[in-house]
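My entries follow in the order of the look-ups.

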Amino acid sequence: MKPAWDELGDEYADSNSVIIGDVDCTADDTKEICDKIGVKGYPTVKYFTAETPEEGEAYNGGRSVNELKTFVEETLSKHCDIADTLTCTDQEVFLCLLTTAHGAAVSLSSASFETEVRGSGKNGFVKSFAPW
């Protein structure tokens, strides 16, 4: 799944509405968030929106890059044309101005999960894993 996830991360690195993240649940600084979002096995893939519970919703779809992209486009992407801000919310305009490219999937710690996924206003698609 890693190659497809990394390609997905590259595809959405400049997105103003979606963050693709990785959480290594074996690292000391991520155990808290992995417990909080209910990771029980690897890989665990969850998505986070304003409507999902605090622990996110399980993603049970396909694992190919095309299936992952389809899910992001249909479920997580917010379509806003920044060139015509009349189609955007104030938050979307603000996020466009603040967003920086991360490249690939963003490595997340417990602290950065709260700011990058929950506090950013973006929808999150996060894979929790163990590196073995």
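I call a residue buried under 20% relative accessible area, exposed over 50%, and partly exposed in between (1.4 Å probe, protein chains only). The model is predicted, and local features need pLDDT of at least 70, side-chain atom pairs count only at pLDDT 80 or more, while totals for chains, interfaces and linings use all residues. Residues are numbered from 1 along each chain as its sequence is written, and side-chain values use heavy atoms, with hydrogens and water left out.

Entry on Asp22. I found Asp22 in strand S1, residues 18–24. Asp22 counts as buried because its relative accessibility is 10%. Its side chain makes a polar contact of 3.2 Å with that of Trp5. For this I took a pair of N or O atoms within 3.5 Å, one able to donate a hydrogen and the other to accept it; residues adjacent in sequence count only if both atoms are side-chain atoms.

Entry on H1. Trp5 is one of the buried residues of helix H1 (residues 2–11), with Ala4, Leu8 and Gly9. Down the axis of H1 these fall within an arc of 140°, so they line one face of the helix; the arc is that of the directions from the helix axis to the C-beta atoms. On the face turned away I noted the exposed Lys2 and Pro3. The buried residues of H1 pack against S1, strand S2 (44–48), helix H3 (65–76) and strand S5 (123–129), with contact meaning heavy atoms within 4.5 Å.

Entry on the chain. I read 5 helices and 5 strands, taken as DSSP runs (helices H or I, at least four residues; strands E, at least two) numbered from the N terminus. Buried residues make up 43% of the 132 residues.
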